[in-house]
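Please look over the sequence and the structure below. The report that follows walks through selected strands, loops, helices and charged pairs.

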Amino acid sequence: VVGFQAWQARHDLVQARSSIERARQAVSDGDQARARDLLSQARAQSHRAQGRVTGWVWSAYGHLPASGAPTREARGLIEVTDAVTSQVLGPLVSSAPSSTSWTGQADLAAVRRTAGPLGTADARLTQVRARLAGLPVSHVRQLDRARADLSRSVAALAVDLRDAAVAARVLPALLGGDHPTHLLLVAQNQAEERATGGLIGAYALLSAKDGRLTLLRSGADTDLVDAAHPVVDLGADFTARYGVAQATSTWRSANLTPDLPSAGAILAGLSARQLGQAVDGVVLVDPVALAHVLGATGPVDVPGLGAMSGDNAVALLLKDAYARYASASDQAVRKEVLRNALDRVVLRLQQPVSGQLARQLASAAASGHLQAYATDAALEGELRRSRVGGALPDSGPFLFVVTQDVGGSKLDYYLHRAVEYD
C-alpha cells in the first residue's frame, strides 16, 4: 500500500511541477488568467500528493531505519512544492498587473505596487530553497530524479523572481519617477565582439520623467572623443589588466571588462567629461536586444536600411549593412546605420505598444543582451543582484568565457562558438 501511495504521490508531484513551470511562463507572458488556472492546478496536485503521504502509517515508516530517509524526503519534496504554489507563486500571480501594455511611457505606479509582493515572494523562496537543500538524501532513484527536477524548477523561478523584484525597485527611480533623470544608451556592435557584447557603435542621451523617455541627442562612434586622462579609478588590479588598453579613458576599450558595473562606471564618467552630461544610469543594448523590442513594437523604418523588424534586425545590422555599404567611401554612411536604428527604436517607444514589451525586455536582460548600470550606489547595489546588472561574482572561483575582437574585421556575425569544460 505504501509503495502504491508513493508512486501516486510522485505522479502528483511531477504534475504539480509541470503546472508550476507553465504558471511561471504565463506570468512572464502577462497572461494572468492562465497563470491563476495553472496555479490552482498545481495547488490541487500538491495537496493531493500531500494527502497520500500523511497518516500514522507514513509517520511510522518515517521512523524506521531503512525507510526513514526516503519517507522524509518524499514528504519534504511535497511540502516544498506546496510552499512554492501557496507562498510564492500565489502572491506573485495575485499582485501582477492586469495589463502590461506600454502607453508611450512606463506605468511606474503599477511597477511600484508590485515591489512589496515581489520582495516578499523572493524572501519566501529563499527559505523554501533552504528547506529543499536540507532534506535528507535517500539515494532512491525516483526520488533523486524528482528532487533534481524540482530543484531546477525552483532555481529557475528564483532567478526570474529576483530579476523582477530588482526591476520593481530600480525602474521607478531610473525612469524619473522621483525626479527627472538622464540615461546614456549605448549600442554595441556584435560584429566586433567585446566582453559585454560588442564594440560601442552608437550612443543616445535620454531624459526620463514619470516613465516617459525623450531623445536628447545621439551619435555614431565617430562622434565619441576619448578622454585625455582616466575618468574613474577602478583599482590597481583593473589597471594592471586593462590599463595598457586605456580602458578607463577610451570609448573603444571601456567594455573590454566583462564586469558591467566597471564598464558602466567608465561610460558614465566618459559621458560626464566628454559629452558634458552627467547621467543617472547607463544602458547597454545590441542588435539582439533591439530585435526583442521590435518583436513587441513591430517594425520601424531605418534610413539607409529600410524596414527593420524583430525578425531581420540582427542580420540587417550585422551583415546586410556591411554588404550594402562595402566600399571605403561608404564607411561614414554605414557608421550612421546603427545610430539611426537606435534612434528609431527609442522614438517608437514614445508611442503606445500593444505587444508584450515587458516580456521581450526581460528576455533580452536574461540573455545578457540588455544590461544596466546606475550611478546611485543603492540602486547599483540592487542591480548587481540581478542578471541585468551584469556583475561578475565577487567571491569564490568561477569561469566566465568572453570574446575580445580587436582586429576590426567585423566578421564575428559569422563565427560559431562552442565551449566545453571538463
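## Strand E5 and its partners

Strand E2, residues 181–189, pairs with E5 in the parallel sense, over five bridges. The model is a predicted one. Within this pairing, Leu 183 stands opposite Gly 281 of E5. E5 also pairs with strand E9, residues 370–374. Here the two strands run antiparallel, and five bridges join them. Val 285 has Leu 370 as its bridge partner in E9.

E5 itself spans residues 281–285 and is mostly covered, with five of its five residues buried. In a regular strand, side chains alternate between the two faces of the sheet. In E5, Gly 281, Val 283 and Val 285 point one way. Val 282 and Leu 284 point the other way. All of these residues are buried.

Is helix H8 enclosed or open to the outside? Of its 16 residues, 13 are buried, so H8 is largely enclosed by the rest of the structure. H8 covers residues 260–275. Gly 276 follows H8 and has a positive phi, near 75 degrees.

Thr 257 sits in the loop between H7 and H8. Its relative accessible area is 4%, under the 20% cut-off, so Thr 257 counts as buried. A polar atom of the Thr 257 side chain lies 3.0 Å from the backbone nitrogen of Asp 259. Which residues does Thr 257 touch, leaving aside those up to four places away in sequence? They are Ala 195, Thr 196, Phe 238, Tyr 242, Ser 262 and Ala 263.

## Two loop residues with positive phi

Asp 210 is not a glycine, yet its phi is positive, at about 50 degrees. Asp 210 is found in the loop between strand E3 (199–209) and strand E4 (212–220). With a relative accessible area of 43%, Asp 210 is partly exposed.

Gln 246 is another residue other than glycine with a positive phi, near 55 degrees. The loop that holds Gln 246 runs between helix H7 (236–242) and helix H8 (260–275). Gln 246 counts as partly exposed, at 42% relative accessibility.

## Salt bridges across the chain

Side chains of opposite charge can pair when their charged atoms come close. How many salt bridges does a search of the whole structure find? The count is 20. One of them joins the side chains of Asp 163 and Arg 387, at 2.6 Å from N to O. This pair links distant parts of the chain, 224 residues apart. Asp 163 belongs to helix H6, residues 141–174, and Arg 387 to the segment after H13. Asp 163 counts as buried, at 17% relative accessibility. Arg 387 counts as partly exposed, at 31%.

Lys 410 and Glu 192 also meet through their side chains in a salt bridge, 2.6 Å from N to O. Lys 410 and Glu 192 are both buried. A further salt bridge connects the side chains of Asp 221 and Lys 335, at 3.3 Å from N to O. Asp 221 lies in the loop between E4 and H7, and Lys 335 in helix H11 (residues 331–348), so the pair ties together parts that are 114 residues apart in sequence. Salt bridges with shared partners also build one network from Asp 122, Arg 162, Arg 169, Glu 382 and Arg 385.

## A nonpolar surface patch

Which residues form a nonpolar patch on the surface? They are Leu 399, Val 401, Val 419 and Tyr 421. Together they have about 480 Å² of accessible area.

Leu 399 lies in the segment after helix H13, which covers 377–383. Is Leu 399 buried or exposed? Leu 399 is exposed, with a relative accessible area of 54%.

Conventions
Residues are numbered from 1 along each chain as its sequence is written. This is a predicted model: local features need pLDDT of at least 70, side-chain atom pairs count only at pLDDT 80 or more; totals for chains, interfaces and linings use all residues. Side-chain values use heavy atoms; hydrogens and water are left out. Buried means under 20% relative accessible area, exposed over 50%, partly exposed in between (1.4 Å probe, protein chains only). Helices (H or I, at least four residues) and strands (E, at least two) are DSSP runs, numbered from the N terminus. Two strands pair if DSSP finds at least two bridges between them. Patches are made of residues with over 30% relative accessible area and no salt bridge: like charges are joined within 9 Å, nonpolar side chains (Val, Leu, Ile, Met, Phe, Trp, Tyr) within 5 Å. Accessible areas come from the Shrake-Rupley method with a 1.4 Å probe; for residues, only the protein chains shown count as cover. A salt bridge is a side-chain nitrogen of Lys or Arg within 4 Å of a carboxyl oxygen of Asp or Glu. A polar contact is a pair of N or O atoms within 3.5 Å; within protein, one must be able to donate a hydrogen and the other to accept it, and residues adjacent in sequence count only if both atoms are side-chain atoms. Contact means heavy atoms within 4.5 Å.
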